[in-house]
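Open the model in your viewer and keep the selection panel at hand.

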Amino acid sequence: MPDISLTTVLFLCGAALLAGWIDAVVGGGGLLLLPALLLGVPHVPAPQVLGTNKAVAIVGTTGAAVTYVRRAPVRVPVRTAVRVGLAALAGSMAGAFFASGISNEVLRPVIMVVLLGVAAFVMLRPSFGTGEAAGAVTRARIVTAVVLVGGGIGFYDGLFGPGTGTFLVLALTAVLHLDLVTASATAKIVNVCTNAGALVMFAYQGNVLWQLAAVMAVFNLAGGMLGARTALRRGAEFVRGVLLVVVFSLVAKLAFDQWY
């Protein structure tokens with residue numbers, strides 16, 4: 001592990017705590033965690049930064065998923081989430097395979113337009129995701145969730161990445177007729193699957209700073225569990241507000257990366 005000052009470690013731990021909270025509520029914690037790592041350890045090769053990010057994130061995501069499953073007032077569709085997660089794992093591997101042939105300069109504006117469309121939809125449809133989660137869903141919707149949500153968003157995650165958790169929450173809400181809180185819980189289980197697959201590959205390649213990751217993971221776990229409890233306590237309207245903040249933050253970050 002590179003020589004890191006105590007101030008930097010404290011900064012990274014604080015970022016991990018806040019990222020865990022954001023990710024548990026509505027996804028998108030990587031928008032904070034990954035840039036914080038790039039800022040805190042600027043001389044570390046990118047693969048090690050990405051691997052360390054996954055090692056930290058999987059702990060907080062797992063803690064949030066467990067908290068949701070144990071404390072949610074409605075049943076979280078765990079079996080469906082695992083199926084979507086396995087499809088997302090396969091999709092992310094395929095996306096990573098094709099990533100070298102895609103220009104970020106072309107892809108970023110497309111994603112920004114999509115995100116602005118998402119924000120407009122959520123703002124114009126105040127009732128979206130605020131009702132009770134549907135009971136049983138049809139087999140066709142489950143297949144759609146596995147193929148399009150799992151495979152499609154998983155592919156995007158491997159190809160590009162930013163905002164994957166947010167896209168999962170929105171897509172699961174729309175396809176499976178879940179409320180935003182239940183969709184957040186389901187998305188966390190999917191994220192555990194995708195993070196696990198990526199972490200295995202990064203660890204095999206020796207691209208994880210385990211000591212730093214272990215320290216940050218403690219704070220990310222605390223943030224994830226706290227975020228899940230906050231979402232369950234405050235309800236779908238609160239999650240909807242956080243969702244809009246995260247979407248606009250993501251658009252701002254992508255715009256900054258594109259033009260500055």
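Which helix gives the largest share of the nonpolar patch? Helix H9, residues 210-234, does, with 3 residues; helices here are DSSP runs of H or I, at least four residues, numbered from the N terminus. The model is predicted: local features need pLDDT of at least 70, side-chain atom pairs count only at pLDDT 80 or more, and totals for chains, interfaces and linings use all residues. Numbering runs from 1 along each chain as its sequence is written, and side-chain values use heavy atoms, without hydrogens and water.

Select Leu17, Val215, Val218 and Phe219: together they make a nonpolar surface patch of about 310 Å². Patch residues have over 30% relative accessible area and no salt bridge, and nonpolar side chains are joined within 5 Å. A salt bridge is a side-chain nitrogen of Lys or Arg within 4 Å of a carboxyl oxygen of Asp or Glu. Areas are Shrake-Rupley values with a 1.4 Å probe.

Next, pick Val215, in helix H9. Val215 has a relative accessible area of 38%, so it is partly exposed (buried is under 20%, exposed over 50%, partly exposed in between).

Move to Asn220, also in helix H9. At 3% relative accessibility, Asn220 is buried. A polar atom of its side chain lies 3.2 Å from the backbone nitrogen of Gly60. Residues that Asn220 touches include Ala16, Leu17, Leu33, Val56 and Thr61, where contact means heavy atoms within 4.5 Å.

Finally, select Cys13, buried at 4%, and Cys193, buried at 18%. The whole structure has 0 disulfides (cysteine sulfur atoms within 2.5 Å).

Definitions and conventions. Patches are made of residues with over 30% relative accessible area and no salt bridge: like charges are joined within 9 Å, nonpolar side chains (Val, Leu, Ile, Met, Phe, Trp, Tyr) within 5 Å. Helices (H or I, at least four residues) and strands (E, at least two) are DSSP runs, numbered from the N terminus. Buried means under 20% relative accessible area, exposed over 50%, partly exposed in between (1.4 Å probe, protein chains only). A polar contact is a pair of N or O atoms within 3.5 Å; within protein, one must be able to donate a hydrogen and the other to accept it, and residues adjacent in sequence count only if both atoms are side-chain atoms. Lists of a residue's contacts leave out its neighbours within four places in sequence.
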